[in-house]
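I opened the model to look up how its pieces pack, one entry at a time. My notes follow the order in which I looked.

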Amino acid sequence: MTPSTDPIAIARALIRCPSVTPAEGGALQLLAGLLESAGFKVERLRFSQPRTATVENLYARIGEGSPHLVFAGHTDVVPPGESDAWTHPPFSAEIAGGELYGRGAADMKGAIACFVAAASAYLTAHDGKPDGSLSLLITGDEEGTAINGTVKLLKWAAERGIRFDQCLLGEPTNAERLGDAMKIGRRGSLNGTLIVRGKQGHVAYPQLAENPIPMLVALMTRLMSEPLDHGSEHFDPSHLEFTSVDVGNPTVNLIPAEARARFNIRYNDRHSRDSLKRLVKMRCRNAADQGARVSLEFAPSNSDVFLTASGPFLDLVVDTVVEITGQRPSLSTSGGTSDARFIKNYCPVVEFGLIGRTIHQIDERVALSDLMALTAIYRLVIDRYFAKANTTAPLPAATHSGSGEAPS
Ligand SMILES: [Zn+2]
């Protein structure tokens with residue numbers, strides 16, 4: 001196989017691999033071949049854990065020195081849904097009207113194809129060697145439980161002394177047009193259950209029972225009516241949404257002993273997981289009747305809020321997007337979580353990919369012109385990242401020296 005610099009051909013080949021999470025579907029095998037022929041050293045990694053599906057992942061690297069730029073992404077896709085409802089079959093990668101159809105076209109095999117094409121073109125122009133290290137961290141476990149994927153890949157790399165200076169994540173960040181948005185952070189996510197305990201009894205003798213439902217409704221009303229905050233510089237206001245109310249009462253003449261309501265909070269950088277738990281507990285305590293038996297349970301969460309601080313790499317990507325697409329991307333933190341929540345513990349991460357409008361839908365598709373434009377963006381980002389890093393003098397270690405302040 002010769003190194004490919006054609007993002008459309010790579011994207012079509014990837015879409016034809018039916019890698020519905022957690023199946024590998026041949027997608028990583030295909031990538032491994034392309035990357036090896038471009039000069040990368042490729043490692044295939046299988047991670048497993050009891051009661052979860054074993055997942056295949058891939059780490060590819062070329063170059064040894066610093067700086068180290070890593071591209072992250074996933075080859076797994078969500079199921080196609082009703083295949084007959086698609087205008088073109090979900091795994092046939094057909095092109096019609098200037099668009100490439102298929103599951104994963106936008107989320108996110110298309111962006112992986114763009115990066116592979118861009119990296120191959122960069123290496124061809126640089127005698128097959130980057131001015132530093134260039135890596136790809138590709139998981140097959142993003143659309144699933146995210147247990148045997150990026151988390152373990154990052155840990156595996158850290159244990160081998162692999163350090164990344166900067167990550168570019170290729171999730172579909174744009175809303176309507178290529179260049180309209182990139183992600184510089186993500187909200188945190190926390191799941192909880194509100195439980196009110198009463199006393200079971202006959203519905204005809206309510207004075208002998210204690211119905212937990214009115215108290216649950218009162219507490220829910222309180223939690224829904226009072227904002228958690230009013231947003232921050234880069235984030236929308238945090239939001240609590242109830243997702244289920246459960247009494248589980250199969251009869252018509254029984255006052256239940258217990259009532260529960262489940263909720264999810266998407267929270268911004270005004271909170272931490274712990275401060276939110278304290279806030280919700282305090283609001284429930286204040287709103288509950290004296291003696292009411294109210295408790296809160298929170299599910300373990302691995303989705304903390306984060307924000308990538310502004311810096312030269314963010315500026316570099318923004319400038320490149322402006323140059324290629326003619327528009328300045330908004331720096332967004334909206335939407336769901338992504339693997340950036342794990343990567344941010346190892347290095348700064350910026351997300352920019354294709355358009356998210358059709359992801360997870362019937363007829364997921366991407367414009368061929370967007371694949372070409374994203375490839376051009378990635379190519380310039382790689383070029384400029386290494387050029388800049390190798391011409392800029394390293395920053396002094398103590399930036400506060402001479403100011404009379406202690407370094408913070
Ligand atoms: Zn995705």
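Entry 1: I started with H1 (residues 7-15) and helix H2 (residues 27-37), whose axes come within 9 Å and cross at roughly 150°. That makes H1 roughly antiparallel to H2, a label for angles over 145 degrees, with under 35 as roughly parallel, 65 to 115 as roughly perpendicular and the rest as oblique. Axes here are lines fitted to C-alpha atoms, for helices over the stretch in contact, and angles run from 0 to 180 degrees between N-to-C directions. Helices (H or I, at least four residues) and strands (E, at least two) are DSSP runs, numbered from the N terminus.

I noted the hand of the crossing of H1 and H2 as right-handed. The rule: left-handed if the near helix is turned anticlockwise from the far one by less than a right angle, right-handed if clockwise. I then listed who meets whom: Ile-10, Ala-13 and Leu-14 of H1 are in contact with Ala-27, Leu-30, Leu-31 and Leu-34 of H2. Contact means heavy atoms within 4.5 Å.

This is a predicted model, so I kept its terms in mind: local features need pLDDT of at least 70, side-chain atom pairs count only at pLDDT 80 or more, and totals for chains, interfaces and linings use all residues. Residues are numbered from 1 along each chain as its sequence is written, and side-chain values use heavy atoms, with hydrogens and water left out.

**Entry 2: what H2 hides.** Which residues of H2 are buried? I found Ala-27, Leu-28, Leu-31, Ala-32, Leu-34 and Leu-35. Buried means under 20% relative accessible area, exposed over 50%, partly exposed in between (1.4 Å probe, protein chains only). The cover over these residues includes H1, strand S1 (41-47), strand S2 (55-62), helix H3 (109-125) and strand S6 (133-139). After H2 comes Gly-39, with a positive phi near 110°.

**Entry 3: the zinc site.** What holds the zinc ion? His-74 (NE2), Asp-107 (OD) and Glu-171 (OE) coordinate the ion at 1.8 to 2.2 Å. His-74 lies in strand S3 (residues 68-74) and Glu-171 in the loop between strand S7 (166-169) and strand S8 (181-183), so this pair ties together parts that are 97 residues apart in sequence. The donor spacing reads H-x32-D-x63-E. Both His-74 and Glu-171 are buried. Donors are N, O and S atoms within 2.8 Å of the metal (3.2 Å for Na, K and Ca); water is not among the atoms, so sites may look incomplete.

**Entry 4: a three-strand sheet.** I traced an open sheet in the order S4-S5-S19, with antiparallel pairing. Strand S4 (95-96) and strand S19 (365-367) stand at the edges with a single partner strand each, so one side of each is left without a neighbour in the sheet. Strands pair if DSSP finds at least two bridges between them. S5 (residues 99-101) and S19 have three bridges, and Glu-99 has Ala-367 in S19 as its bridge partner. H1 packs on this sheet, touching S4 and S5, at about 20° to S5. Helix H9 (residues 368-391) lies across S4, S5 and S19, at about 70° to S19.

**Entry 5: a four-strand sheet.** Next I read off the order S12-S14-S10-S15, again an open sheet with antiparallel pairing. The twist averages 25° from one strand to the next. Ten bridges join strand S10 (residues 188-197) to strand S14 (residues 258-267). Ser-189 stands opposite Arg-266 in S14. Helix H5 (residues 213-225) touches S10, S12, S14 and S15, and makes about 150° with S10. Helix H6 (residues 273-287) lies across S10, S12, S14 and S15, at about 165° to S15.

**Entry 6: two loop residues.** Is Thr-358 buried or exposed? Thr-358 counts as buried, at 7% relative accessibility. Thr-358 sits in the loop between strand S18 (349-351) and S19. Gly-161, in the loop between helix H4 (150-159) and S7, is exposed at 56% relative accessible area.

**Entry 7: the whole chain.** I counted nine helices and 19 strands. Of the 408 residues, 50% count as buried. The C-alpha trace spans about 85 × 70 × 40 Å along its principal axes.
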